[in-house]
Each structure stands twice: as structure tokens, then as C-alpha cells.
Amino acid sequence: VLFSLPPHGRQPDLVLDCTRDLASSVEVLAAATAAGIRCITVQLRDGVMDVTRLSVAPLLQVHASLTAVELRLRLAKIGVGVDALAKIDSVHSDEAGQWLHHGSVLPGVVRLPRLSAGFAAAAVALFRLCGEPPPEVTP
């Protein structure tokens, strides 16, 4: 069981998924949503280079990010419902043509977008832990 109760008997308040492997994200998010735990996921392709195109939205409403859409489809395929998908916050990129850069990115170029996405996910986590909805950010 991925999310068993710790010794103090409380589930985590939220799960922050920063895995780079889509299959791992599916496993983590499916287990967390099944346990009723709020989730935040960071979904960036290696080709993302423009940090000004980072967005935050419920996973159910993301259409411009190929990895976020693929994640949503895989979760739905294994039975994660619409209500659960709507409660997963997604930090992703709306950068057009990001798949064109995949595999041609210089070493180190990917670090800034990933770092920026990590900070955005941490901000979403703080909003959720305070009981407030995070602002949806569009580029």
C-alpha cells in the first residue's frame, strides 16, 4: 500500500508529485486519489524552455500540455473519476511546440523550467495547506 497510515494515524494533507516518469505519476496519483488525498503534479516535457509559459490549473482542465493530457487519460483509463481528476492541481507548460525541442535541448537548459515549476508547485501546496484554492495562472 503506497499510502498507509503513519504511526500518528493521520493521512498526509496532500501529495506533491514531482516524478519525471509518467507511469510513476500515474501510480502515485491513483493511490493518493483513492485514499482521498489532495494532489499536485508537475508535468513538464524535456523540451520546455520558456518559463513564462508555466501554468497552474486543475488537471481536468489542462489541454495544452501533452504530458498533462496523457496523464489525465491514463488516470481515467484505470478508473480515476472526473471528481478526483478535478481535485488534482497541475503545474505545466502551455508552450507551443514543446515536443519539437525534445531531445535537442542542451544540457542544463531544462533546469530553469523545472526549478520554476518546482517553486510553482510548492506555492500551490502552501495555498492548499492553508485551506485556500490556488490562483489559476495562465501565461
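This is a predicted model: local features need pLDDT of at least 70, side-chain atom pairs count only at pLDDT 80 or more; totals for chains, interfaces and linings use all residues.

Student: OK, in what order do the strands of the open sheet come?

Tutor: The order is S1-S2-S4-S3, four strands with mixed pairing. Strands are DSSP runs of E with at least two residues, helices are runs of H or I with at least four, and both are numbered from the N terminus. Two strands pair if DSSP finds at least two bridges between them.

Student: And which ones are the edge strands?

Tutor: Strand S1 (14-17) and strand S3 (54-58), each pairing on one side only.

Student: How many bridges join S2 to S4?

Tutor: Five, and those two strands run parallel. Cys39, for instance, stands opposite Ile88 in S4.

Student: Switching to Thr41: buried or exposed?

Tutor: Thr41 is buried, with a relative accessible area of 0%. Buried means under 20% relative accessible area, exposed means over 50%, and partly exposed is in between, using a 1.4 Å probe and protein chains only. Thr41 sits in strand S2 (residues 38-43).

Student: What does Thr41 touch?

Tutor: Not counting residues up to four places away in sequence, its contacts (heavy atoms within 4.5 Å) include Asp17, Leu29, Leu71 and Asp89.

Student: New topic: how many salt bridges are there?

Tutor: Three, where a salt bridge is a side-chain nitrogen of Lys or Arg within 4 Å of a carboxyl oxygen of Asp or Glu.

Student: Which residue forms one with Arg38?

Tutor: Asp89 does, with the closest N and O atoms 3.5 Å apart. Asp89 lies in strand S4 and Arg38 in strand S2, so the pair ties together parts that are 51 residues apart in sequence. Asp89 is buried at 3% relative accessible area, whereas Arg38 is partly exposed at 23%.

Student: What about Asp89 and Arg128, how far apart are the closest N and O atoms there?

Tutor: They are 2.8 Å apart in that salt bridge. Arg128 is in helix H5 (residues 111-129) and Asp89 in strand S4, so this pair links parts 39 residues apart in sequence. Shared partners join Arg38, Asp89 and Arg128 into one network.

Student: And which residue pairs with Glu70?

Tutor: Arg74, with the closest N and O atoms 2.9 Å apart. Both lie in helix H2, four residues apart, about one turn of the helix.

How values were computed: Residues are numbered from 1 along each chain as its sequence is written. Side-chain values use heavy atoms; hydrogens and water are left out.
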